[in-house]
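Please read them with the structure open.

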Amino acid sequence: MADIDRRIAAVPIFPGLRRFPQGRGFSQWTGDDSKALMKVYLPAISGHVPPQMVRTFTAFMDFCYLARRSIINETTLTEMDAALARFHHERLIFEEAGVRLNGFSLPRQHSLKHYPLLIRMYGAPNGLCSSITESKHIKAVKEPWRRSNRFEPLGQMLTVNQRLDKLAAATVNFSARGMLNGPCVAPHVKLMPPPNPLPAPAPAVVDLLEVNGEDAAEGPRTATTVTLGRSSARNYPPFVEALSKQIDEPNLPLHIQHFLLNQLYPGPRTETAQIGLHPILRLRISVFHSAIATYYSPSDYSGVGGMHRQLIRSVPSWRNGPSRRDCLFTNNNSTQPGMQGMDIAQVALFCSFDFRGIKYPCALVRWFMPVDGERCADTGMWIVKPKKDANGRREMSLVHLDRVMRGAHLIAVYGDEFIPTQFLHTDSLEAFQAFYISKFSDHHVNEFAF
């Protein structure tokens with residue numbers, strides 16, 4: 001169990017995803033904690049528990065994510081039935097292992113078989129949670145208990161609830177009679193003019209995109225777009241040659257040269273299709289520490305049009321610590337479904353430059369490649385590994401932001417080995433040789449990539 005905790009703590013940071021620095025160690029466990037933990041739990045237990053247990057959790061999570069979608073059709077309902085059948089088949093391992101000796105009699109698990117029928121009758125649950133009564137429990141139990149003297153509190157709590165109900169009923173009655181309209185004093189009473197109040201302080205504007213790494217995007221539904229951050233980063237040289245030395249990437253001019261050739265001469269190249277290195281070395285370039293992906297995701301936190309924003313970061317130091325280099329999905333072949341038409345890469349640098357009057361927003365990326373041609377049988381996730389050249393170096397290239405789709409969350413394939421006690425989550429993307437592409441990081445990636 002201690003190693004499972006270390007695996008959970010070693011998960012790389014991702015926008016909107018809660019981190020668990022102490023693993024499962026909580027003084028008080030809540031429903032939100034459970035939902036956040038399940039997004040990173042499968043890779044953590046894989047290799048430490050029987051594969052059939054991993055498949056049980058996978059089937060259950062698949063069902064939950066399908067039921068959570070805002071748009072559900074017959075195909076979705078068929079997939080829900082298949083996931084529920086797999087869950088009921090695989091969960092027998094808990095009986096065989098002695099965890100549930102008396103079988104399963106859990107009301108919430110039993111209710112799963114009614115979901116497809118009820119969705120056909122009443123529509124998509126649209127994020128409705130079966131624990132929504134917790135909010136009423138707070139009002140009716142927790143808050144009255146806090147108002148009691150803690151000695152035989154039940155009678156005091158009932159009295160508080162009765163008085164609150166009477167106050168609510170009186171408010172409705174007085175409002176209907178118009179008794180709450182206008183001032184509460186008689187008309188012939190002269191009121192002293194109030195003193196000049198101090199101006200109220202302006203409310204603090206919180207940029208949720210900057211704080212959480214994700215936010216709702218207002219406006220109607222549009223195509224997916226990825227743009228560079230609001231302002232360029234400081235303390236970087238303005239020319240390509242000096243920048244390549246500062247970031248210790250001597251092949252940056254070659255990457256830019258290859259990128260421009262592909263942009264300007266996409267077809268078969270003639271002898272005149274040449275771009276020399278000398279003008280590239282003197283090219284002015286700006287560096288950015290983030291890019292904003294905006295895409296349609298009604299099942300996640302989104303605006304009225306269903307649009308969602310996500311921040312993809314590439315910074316040399318994150319919160320006074322080591323660097324943070326997020327991963328992303330890139331479009332490789334839009335005619336292929338899911339991961340068959342996409343590649344995974346890690347951002348080394350966001351940049352922008354002008355060449356022959358055209359502005360090019362780009363990302364310098366390190367590539368990953370799929371391990372097998374199909375998903376992992378236990379977790380249902382694709383597995384990738386760093387792509388290397390003949391000399392064992394990571395393959396890199398410069399890509400236009402038009403190819404970037406959104407951020408990707410990679411979690412290490414830990415296997416059956418134990419990780420060191422002092423291992424840091426910031427080292428995960430460099431320390432391991434294979435990674436799961438998380439399908440549970442959010443609802444959008446669960447729909448479009450799997």
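1. Pro 266 sits in the loop that links H12 to helix H13 (277–281). Pro 266 is exposed, because its relative accessibility is 69% and the cut-off for exposed is over 50%. Along the sequence, 107 residues separate Pro 266 from Gly 373. In space, their C-alpha atoms are 28 Å apart. Keep in mind that this is a predicted model.

2. The chain has 450 residues, and 39% of them count as buried. Its secondary structure comprises 15 helices and 14 strands. Along the principal axes, the C-alpha atoms fill a box of roughly 90 × 75 × 45 Å.

3. Two backbone angles deserve a look. Asp 248 is not a glycine, yet its phi is positive, at about 60°. Asp 248 belongs to the loop between helix H11 (240–246) and helix H12 (252–264). With a relative accessibility of 64%, Asp 248 counts as exposed.

4. Asn 320 is the other residue to check. Asn 320 also has a positive phi of about 60° without being a glycine. The loop between S5 and S6 holds Asn 320. Its side is open to solvent probes in the computed sense: Asn 320 counts as exposed, at 82% relative accessibility.

5. Now the salt bridges. The structure holds 14 of them. Side chains of opposite charge can pair when their charged atoms come close. Why are Asp 3 and Arg 7 separated by about one helical turn? They are four residues apart in helix H1 (residues 2–9), so about one turn lies between them. Both Asp 3 and Arg 7 are buried.

6. Two further bridges have partners with other accessibilities listed here. Lys 359 pairs with Asp 354, and their closest N and O atoms are 3.9 Å apart. Lys 359 is exposed, at 55% relative accessibility. Asp 354 is partly exposed, at 44%. Glu 395 and Lys 387 also meet in a salt bridge, at 3.9 Å from N to O. Glu 395 counts as partly exposed because its relative accessibility is 28%. Lys 387 counts as partly exposed too, at 32%. As for shared partners, salt bridges join Asp 3, Arg 6 and Arg 7 into one network.

7. How many cavities of 30 Å³ or more does a search of the whole structure find? The search finds one. The volume of the largest cavity is about 50 Å³. Its lining includes Ile 8, Val 11, Pro 12, Ile 13 and Phe 14. Leu 17, Arg 18, Arg 19, Phe 20 and Val 40 are also in the lining of the largest cavity. By class, that lining has eight nonpolar residues, two charged and no polar ones.

8. The second largest pocket is worth a separate look. Its space comes to about 420 Å³. The lining of this pocket numbers 28 residues. Which of them lie nearest the centre of the second largest pocket? They are Ser 323, Arg 324, Arg 325, Thr 426 and Leu 429. At least two lining residues come from each of strand S5 (307–315), strand S6 (324–325), strand S12 (404–408) and helix H14 (428–431). The lining of the second largest pocket divides into 12 nonpolar, nine polar and seven charged residues.

9. Last, a surface patch. Leu 117, Leu 118, Met 121 and Tyr 122 make up a nonpolar patch on the surface. Together they have about 470 Å² of accessible area. Leu 118 is placed in helix H7 (residues 115–122). Is Leu 118 buried or partly exposed? Leu 118 is partly exposed, because its relative accessible area is 40%, and the class runs between the 20% limit for buried and the 50% limit for exposed.

How values were computed: Residues numbered from 1 in each chain as written. Predicted model: local features only at pLDDT ≥ 70, side-chain atom pairs only at ≥ 80, totals over all residues. Heavy atoms only, no water. Patch = residues over 30% accessible without salt bridge, like charges linked within 9 Å, V, L, I, M, F, W, Y side chains within 5 Å. Areas by Shrake-Rupley, 256 points an atom, 1.4 Å probe, with all protein chains shown as cover. Salt bridge = Lys/Arg side-chain N within 4 Å of Asp/Glu carboxyl O. Buried < 20%, exposed > 50% of the residue type's maximum accessible area, 1.4 Å probe, protein only. 1 Å grid on protein atoms, 1.4 Å probe; cavity = no way out; pocket = protein on both sides within 12 Å on 5 of 7 lines; lining within 4 Å. Points joined across faces, edges and corners; volume = space filled by probe spheres on them. Nonpolar A, V, L, I, M, F, W, Y, C, P; charged D, E, K, R; others polar.
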